[in-house]
Amino acid sequence: DPAFMIKLNPLRSPKKSSKKLLVSLRAGSFLKPDFPEKLAPFLDRVHSQQKLQTEFLIFETQGNDRALSEKVAQLMTSHKPKITSIDFGNFETVFATGAAALNFRLHANILCFMYKIPCIGFSYETKVKNLFKSAGKENFVIDPNDFEALEKKWKNLIHLL
């Protein structure tokens, strides 16, 4: 993927003191209708246990990803998450503030790998699963609707923070 060719600014490397959980969602028919109602309490638990502030990342200008992120954000009770549109002008600044990530978006996962941000990938298409496999991180990719696996993978991921 051409994203691997991006030259990163070393001054914008992730800070160990970061307290942001970056989340890039993808709306689609592959999601069960109760996806937002299941993800919101998980993100609330992450906030209360690891003190991570959720920041939803929007990689598209059209479609329903923003609406899905807004729906999950509205269901959250622990804090008011930030919703940020990502483009070539701000991706370095945003990813430099991430402590961990949950991503549907392929490019969000690629940027996490490049910035060494521990992440869990939601495999809505084989390209996400293949990316994690090629990076030797296949233990951190899950089906989008498997919240039991998300809980287990998260417990493994927090040891990398």
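Entry 1: Buried stands for under 20% relative accessible area, exposed for over 50%, and partly exposed for what lies in between, with a 1.4 Å probe and protein chains only. I note that this is a predicted model, in which local features need pLDDT of at least 70, side-chain atom pairs count only at pLDDT 80 or more, and totals for chains, interfaces and linings use all residues. Residues are numbered from 1 along each chain as its sequence is written, and side-chain values use heavy atoms, with hydrogens and water left out.

**Entry 2: the chain.** I listed 6 helices and 6 strands. Both are DSSP runs numbered from the N terminus: helices are H or I with at least four residues, strands are E with at least two. From the N terminus on, the order is β-α-β-α-β-α-β-α-β-α-β-α. Of the 161 residues, 49% are buried.

**Entry 3: aromatic pairs.** I found 10 aromatic pairs in the structure. Rings of Phe, Tyr and Trp (its six-membered ring) pair if their centres lie within 6.5 Å; planes under 30 degrees apart are stacked, over 60 edge-to-face, and the rest tilted. F30 and F104 make a tilted pair, with 6.0 Å centre to centre and 35 degrees between the planes. What does this pair tie together? F30 lies in the loop between β1 and α1 (35–50) and F104 in the loop between β4 and α4, so the pair ties together parts 74 residues apart in sequence. I checked the cover too: F30 is partly exposed, with a relative accessible area of 29%, while F104 is buried, at 0%.

F104 also forms a tilted pair with Y124, at 6.1 Å centre to centre and 45 degrees between the planes. Y124 sits in the loop between β5 and α5, 20 residues from F104. Ring pairs join F30, F35, F104, F122, Y124 and F147 into a cluster.

**Entry 4: helix α4.** I then turned to α4 (residues 106–115), where 9 of the 10 residues are buried. Among them are L106, I110 and F113. The buried residues of α4 pack against β1 (20–24), α3 (91–95), β4 (98–103), β5 (119–122) and α5 (126–134), where contact means heavy atoms within 4.5 Å. Just after α4, K116 has a positive phi of about 60 degrees.

**Entry 5: the core.** The largest nonpolar core has 51 residues, and L43, F95, L102 and W154 touch the most other members. The helix α4 gives the most to this core, 8 residues. Such a core is a set of buried Ala, Val, Leu, Ile, Met, Phe, Trp, Tyr and Cys residues joined through side-chain atoms within 4.5 Å.
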